[in-house]
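Please keep the viewer open while reading.

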Amino acid sequence: MLIHLEDTDSSAIAKQLGTQVTTGRVLTLIVVCSPDDDIDCLITATNDASREHPSRVLMLVADPEAETAGVDADIHLGGDSGASELVVMHLRGDVARHLDAVVRPLLLPDTPVVAWWPAAAPIDPAVDPIGALAQRRITDALFDPPVDSIYRRRNNYTPGDSDMSWSRITPWRGVVAATMDQPPHEEIIDGRVFGPADSPSVDLAAGWLADRLGVNIVRESTGQPAIPVDDEGNPCIAITKVEIMRTSSTITIEVADATTLSVQMPGRPPALVALSRRSQSDCLAEELRHLDPDRAYGRALRGLSRVRYVDTFSAQ
């Protein structure tokens with residue numbers, strides 16, 4: 001069911017939501033976006049994630065530069081919103097500068113609040129008025145316009161922050177960890193991570209390895225777009241290759257195609273592991289699964305100080 005409200009306010013929206021049973025809702029998800037974002041794609045992602053995490057989703061499409069102030073709202077209930085209630089609010093003018101005042105009356109009582117900025121995000125999410133309402137704050141450095149977004153995340157990190165660029169590499173980290181558990185268990189002396197220069201996931205992968213292995217990591221750019229593709233044009237994971245050097249051997253894990261990794265260990269034939277690029281829905285569902293601080297993400301940000309950057313593509 002879809003309810004459309006024009007030139008409305010929080011009270012009128014709350015009145016419509018008040019007719020719904022909310023006992024099955026486990027959190028309130030606030031999505032902060034702009035009219036330039038792909039709203040339909042964001043609705044799909046929240047709907048898919050809601051099947052695992054039934055929520056009240058408040059999507060704020062803010063246009064503070066609009067000439068007239070006002071709020072229009074579309075309330076999606078039932079089949080239109082997955083397992084959640086979805087309210088898409090288009091906020092114009094001055095009201096778009098006070099998003100916290102708009103959402104406060106709509107928050108579910110006695111449940112966690114999660115804030116998600118799928119593109120442009122505040123420099124310090126924890127002190128942003130919306131971020132201050134949330135126990136968990138999710139950003140996406142891949143789509144945040146500043147090229148140093150992931151370093152802004154590091155410089156302003158507060159427990160409870162996370163980033164979709166981190167959850168995109170969760171399966172990849174599992175493959176690396178499982179490979180490292182295999183003999184020979186020699187001392188690790190060096191590491192190199194390869195991937196697009198503009199991919200924050202590659203930055204985080206290098207920071208994670210630097211922190212966990214206790215060695216400096218070289219991060220080599222490959223000249224590919226931020227979302228690399230295979231020979232068939234299918235999007236791949238951003239970390240095209242990693243080399244981990246032990247005292248007398250090297251482990252190499254690299255992308256074979258959009259759905260496969262090749263794992264090469266000394267004394268063994270190459271092994272193929274199924275691994276695809278994660279969807280936005282999968283990443284969001286993972287972020288909502290753990291509302292406590294993601295300490296591994298915080299350590300990966302800390303590890304960025306031990307990463308040395310090399311532009312392999314330019315060097316050639």
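## Tyrosine pairs

Tyr309 is partly exposed: its relative accessible area is 39%, between the 20% and 50% cut-offs. This is a predicted model. Its aromatic pairs number 4.

One of them joins Tyr151 and Tyr309. Their ring centres are 6.4 Å apart and their planes meet at 55 degrees, so the pair is tilted. Edge-to-face would need over 60 degrees. Tyr151 belongs to helix H4 (residues 149-155) and Tyr309 to strand S15 (residues 307-311).

## A second pair and its cluster

How are the rings of Tyr157 and Tyr297 arranged? The pair is edge-to-face, because the planes stand at 70 degrees, with the centres 5.9 Å apart. Tyr157 lies in the loop between H4 and strand S8 (161-163). Tyr297 lies in helix H9 (residues 295-303). The pair therefore ties together parts that are 140 residues apart in sequence.

Buried or exposed: which describes Tyr297? Tyr297 counts as buried, at 1% relative accessibility. Tyr157 and Tyr297 form one aromatic cluster with Trp166.

## Arginine over the rings

Trp166 also has a charged neighbour. Arg173 lies over the face of Trp166, 3.8 Å from the ring centre. The charged end of Arg173 also sits over the ring of Trp208, at 5.8 Å from its centre.

## The sheet

An open sheet has 8 strands, in the order S1-S4-S5-S3-S2-S6-S7-S8. Its pairing is mixed. Strand S1 (2-5) and S8 are the edge strands, and each pairs on one side only. Neighbouring strands are turned by 15 degrees against each other on average, direction ignored.

Strand S4 (residues 70-76) and S5 run antiparallel and are joined by 7 bridges. Asp72 has His90, in S5, as its bridge partner. Helix H2 packs on this sheet, touching S2, S3, S5 and S6. The direction of H2 makes about 165 degrees with that of S3.

## Helix H2

Helix H2 (residues 39-50) has 12 residues. At 1.5 Å a residue, H2 should span 16 Å. The end C-alpha atoms of H2 are 16 Å apart, so the span agrees.

Buried residues of H2 include Ile39, Leu42, Ile43 and Ala49. The buried residues of H2 pack against strands S2 (27-33), S3 (55-63), S5 (85-92) and S6 (113-116). They also pack against helix H8 (280-289).

Terms used
Residues are numbered from 1 along each chain as its sequence is written. This is a predicted model: local features need pLDDT of at least 70, side-chain atom pairs count only at pLDDT 80 or more; totals for chains, interfaces and linings use all residues. Side-chain values use heavy atoms; hydrogens and water are left out. Rings of Phe, Tyr and Trp (its six-membered ring) pair if their centres lie within 6.5 Å; planes under 30 degrees apart count as stacked, over 60 as edge-to-face and the rest as tilted. Helices (H or I, at least four residues) and strands (E, at least two) are DSSP runs, numbered from the N terminus. Buried means under 20% relative accessible area, exposed over 50%, partly exposed in between (1.4 Å probe, protein chains only). A charge sits over a ring if NZ of Lys or CZ of Arg is within 6 Å of the ring centre and within 35 degrees of the ring normal. The expected span of a helix is 1.5 Å times one less than its number of residues. Contact means heavy atoms within 4.5 Å. Two strands pair if DSSP finds at least two bridges between them. Axes are lines fitted to C-alpha atoms, for helices over the stretch in contact, and angles run from 0 to 180 degrees between N-to-C directions.
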